[in-house]
Amino acid sequence: MTKSKTPVEYPFQHGEKNEAFAAYFTGQSYLQPLVNDPTLEISVGQVTFEPGCRNHWHIHRGGYQILLVTDGEGWYQEMGKPARLLRSGDTVVTHDGVKHWHGATSDSWFSHLTITAGIPEWLEPVAEQEYDVLKK
């Protein structure tokens, strides 16, 4: 697999700049809502991270999150565990109450479909020194 130099355009567009959650990200992300029906208990979207972009540590309360990686390379880490390198085709299930973060590697765009239930509790940013030591 080659590293993605630009955000994924197929099968899902990368969407608009993710301004609604910008305060909880280091770097620029993009969001394309795919299912946002208030009568459902889940939302589905395509999230794209520019190289080096990542979200803050967070916990899903009263729910979960499923990530389906569609393009590029990224990181996923749960508190107290080593970071996991993600590539297209990888999946991650984050259960209720698990503190974690995810984002792009420093040199690749990273996109994933996200299926989310519950309410995210946003916490502290991932420390620069923690992110900078991640090597493939």
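Me: Is Glu121 buried, partly exposed or exposed?
Reply: Buried means under 20% relative accessible area, exposed means over 50%, and partly exposed lies in between (1.4 Å probe, protein chains only). Relative accessibility for Glu121 is 31%. Therefore Glu121 counts as partly exposed.

Me: What kind of model is this, and which pLDDT do side-chain atom pairs need?
Reply: Residues are numbered from 1 along each chain as its sequence is written, and side-chain values use heavy atoms, with hydrogens and water left out. This is a predicted model: totals for chains, interfaces and linings use all residues, local features need pLDDT of at least 70, and side-chain atom pairs count only at pLDDT 80 or more.

Me: Which side chain meets Glu121 in a salt bridge?
Reply: A salt bridge puts a side-chain nitrogen of Lys or Arg within 4 Å of a carboxyl oxygen of Asp or Glu. Here the N to O distance is 2.7 Å, and the partner of Glu121 is Arg61.

Me: How many residues apart in sequence are the parts that Glu121 and Arg61 tie together?
Reply: Strands (E, at least two residues) and helices (H or I, at least four) are DSSP runs, numbered from the N terminus. Glu121 lies in strand S10 and Arg61 in strand S6, so the parts tied together are separated in sequence by 60 residues.

Me: What is the relative accessibility of Arg61?
Reply: Arg61 counts as partly exposed. Its relative accessibility is 41%.

Me: How many salt bridges does a search of the whole structure find?
Reply: Arg54 with Glu128 is a salt bridge, with the closest N and O atoms 2.7 Å apart. Another is Lys99 with Glu124, at 2.8 Å. Searching the whole structure gives a total of five.

Me: Which elements hold Arg54 and Glu128?
Reply: This pair links distant parts of the chain, 74 residues apart. Arg54 sits in strand S5 (residues 54-55), and Glu128 sits in helix H1 (residues 128-132).

Me: Is Arg54 buried or exposed?
Reply: Glu128 is partly exposed at 43% relative accessible area. Arg54 has a relative accessibility of 3%. So Arg54 counts as buried.

Me: What is the volume of the largest pocket?
Reply: On a 1 Å grid over the protein atoms alone, a pocket is an open set of points with protein on both sides within 12 Å along at least five of seven lines; a cavity is a set where a 1.4 Å probe fits but cannot get out. Points are joined across faces, edges and corners, and the volume is the space filled by probe spheres set on them. For the largest pocket, that comes to about 580 Å³.

Me: Which of the lining residues are closest to the centre of the largest pocket?
Reply: Lining residues have an atom within 4 Å of a point. The largest pocket has 28 of them. Closest to its centre are Phe21, Ser43, Gln65, Thr114 and Thr116.

Me: Which element gives the largest share of the lining of the largest pocket?
Reply: Two or more residues come from each of S3, strand S4 (42-49), strand S6 (58-78) and strand S10 (110-122). The largest share is eight residues, and it comes from S10.
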